[in-house]
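Dear colleague,

Here is the structure I said I would pass on. My notes on the chain as a whole and on one helix follow below it.

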Amino acid sequence: MDKVCAIFGGSRGIGRAVAQLMAQKGYRLAIIARNLEVAKAAASDLGGSHLAFSCDVTKEQDVQNTFEEMEKNLGPVSFLVNAAGINRDSLLIRTKTEDMLSQLHTNLLGSMLTCKAAMRAMIQQQRGSIVNIGSIVGLKGNAGQSVYSASKGGLVGFSRALAKEVAGKKIKVNVVAPDGT
């Protein structure tokens, strides 16, 4: 059975570095980004039979459609990496509500939606791994990043709770919190 890994936010940054490592380990990859051309370039750079998809993680139907396409073209996803994220640095008093919502929707809700979509195949397979990319700021806070900190702190709590929900199904859920250095 092919090992299939979906990497949301896999076209750049941490997600792209994870994609390179997973490709070396023999996974068939789905590189997912909002911009399809950027995702295609990242998938192409990896060589092999990796595919690119466009998805807005803040939209549940978009996430579901992306998982259906991945399964149709690659097979069931056994490894999910959530590296899609945005940051809008600003003191809370100056932060626009739409910037708050876009960070919470992308960084927290987006990971919830992708995990929910991945669960179906993982529960059926009785195995799977999920890694959510958080931030040390979600644990310690940082001036000018209160909303970003909240979104990443929420991701830590979500990941820990989900790990307990699915442990009996042989699905592992972890969150990593890089410090940005």
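Of the 181 residues in the chain, 45% are buried; please keep in mind that this is a predicted model. The accessible surface amounts to about 9200 Å², and carbon and sulfur atoms account for 52% of that area.

The chain contains 6 helices and 6 strands, in the order β-α-β-α-β-α-β-α-β-α-α-β from the N terminus. The C-alpha trace spans about 50 × 40 × 30 Å along its principal axes. Counting contacts between residues at least 6 apart in sequence, 61% link residues at least 24 apart.

I then looked at helix H2, residues 36-46. Which of its residues are buried? They are Ala 39, Ala 42 and Ala 43. These three cover an arc of only 95° around the axis, which puts them on the same side of H2. In general, an α-helix has 3.6 residues a turn, so residues three or four places apart point the same way. The cover over the buried residues of H2 includes helix H1 (13-24) as well as strands S2 (28-33) and S3 (51-54). On the face turned away from the buried side are the exposed residues Glu 37, Ser 44 and Asp 45.

As for the ends of H2, Asn 35 caps the N-terminal one, with a side-chain oxygen 2.9 Å from the backbone nitrogen of Glu 37. Gly 47, just after the helix, has a positive phi of about 70°.

Regards

Technical notes. Residues numbered from 1 in each chain as written. Predicted model: local features only at pLDDT ≥ 70, side-chain atom pairs only at ≥ 80, totals over all residues. Heavy atoms only, no water. Buried < 20%, exposed > 50% of the residue type's maximum accessible area, 1.4 Å probe, protein only. Helix = DSSP H or I, 4+ residues; strand = E, 2+ residues; numbered from the N terminus. Arc of directions from axis to C-beta. Contact = heavy atoms within 4.5 Å. Polar contact = N/O pair within 3.5 Å; in protein donor to acceptor, adjacent residues only side chain to side chain. Areas by Shrake-Rupley, 256 points an atom, 1.4 Å probe, with all protein chains shown as cover.
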